[in-house]
Amino acid sequence: NVQDGKDQIEKMDLKFDDRKWKLDYFNSANGEYIWEFVLEDESVENWTELYTIHRLEKMNSTVGLKTWLEAYKQSLTKATNGQITFHTFESADQEEIYEFIVKDAKVQDDQHEVARLFAQGDDLYLVRYTKLGEAMPDKTRDEWIQCLKQFKAQK
């Protein structure tokens with residue numbers, strides 16, 4: 001229910017660019033919460049840019065940030081039967097900032113994603129900005145990394 005998701009998101013500190021974004025999808029199951037935002041004239045079924053927040057309950061205390069990220073990278077590489085480039089910008093004990101670029105995959109569109117994975121207590125949060133098509137210019141990528149860094153989750 002998107003309304004449940006809106007109620008929870010109001011407690012979080014979200015930063016976007018200057019365009020209008022809307023929450024178009026929310027789901028919570030098995031301790032995983034997902035919020036997906038799209039530009040106001042797009043939908044989660046038909047988008048060119050996507051801002052996603054994942055909250056993974058207890059994943060930090062049970063699996064750990066580094067182990068979770070390693071498994072995520074492996075599943076991403078398996079799911080993408082094309083060229084995938086993975087690059088880490090910042091790596092700390094409780095936070096990783098990275099990007100990946102997918103090209104010429106049979107199962108998905110070319111895309112460029114920047115993401116921030118961080119621990120908060122027992123939970124992990126993953127905030128991601130994804131753009132379909134060509135890799136974004138460095139300036140755009142760096143601006144989105146700054147937006148993702150400002151995201152604050154509150155329970």
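Which residue stands opposite Asp-123 in S7? In this predicted model, the residue is Gln-120. The hairpin of S6 and S7 has two residues between the strands, and Gly-121 takes a positive phi near 65 degrees there.

Start with the strands on either side of this turn. S6 covers residues 111-120, and S7 covers residues 123-132. They run antiparallel, joined by ten bridges. S6 also pairs with strand S5, residues 95-103. That pairing is antiparallel too, with eight bridges. Within it, Val-102 has Gln-111 of S6 as its bridge partner. Nine of the ten residues of S6 are buried, so the strand is largely enclosed by the rest of the structure.

Turn next to helix H4, residues 138-150. Its 13 residues reach 19 Å from first C-alpha to last, close to the 18 Å expected. Its buried residues are Arg-141, Trp-144, Ile-145, Cys-147 and Leu-148. They cover an arc of only 160 degrees around the axis, which puts them on the same side of H4. An α-helix has 3.6 residues a turn, so residues three or four places apart point the same way. The buried residues of H4 pack against S1, S3, S4, S5, S6 and S7.

The largest core has 24 residues. Those with the most contacts inside it include Trp-21, Trp-35 and Trp-144. S1, S2, S3, S6, S7 and H4 each supply at least two residues of this core. A second, separate core has 15 residues, among them Leu-56, Ala-105, Ala-119 and Leu-124.

In one of them, Phe-16 and Tyr-51 have ring centres 4.6 Å apart and planes at 55 degrees, so the pair is tilted. This pair links distant parts of the chain, 35 residues apart: Phe-16 lies in the loop between H1 and S1, Tyr-51 in S3. Phe-16 is partly exposed, at 23% relative accessible area. Tyr-51 is buried, at 0%.

Trp-68 and Tyr-72 form another pair. This one is stacked, 5.1 Å centre to centre with 10 degrees between the planes. Both residues lie in helix H3, four residues apart, about one turn of the helix. Trp-68 is buried at 16% relative accessible area, and Tyr-72 counts as buried at 14%.

Definitions and conventions: Residues numbered from 1 in each chain as written. Predicted model: local features only at pLDDT ≥ 70, side-chain atom pairs only at ≥ 80, totals over all residues. Heavy atoms only, no water. Buried < 20%, exposed > 50% of the residue type's maximum accessible area, 1.4 Å probe, protein only. Pairing = 2+ DSSP bridges. Expected span 1.5 Å × (residues − 1). Arc of directions from axis to C-beta. Contact = heavy atoms within 4.5 Å. Core = buried A, V, L, I, M, F, W, Y, C linked by side-chain atoms within 4.5 Å. Phe/Tyr/Trp six-rings, centres within 6.5 Å; stacked < 30°, edge-to-face > 60°.
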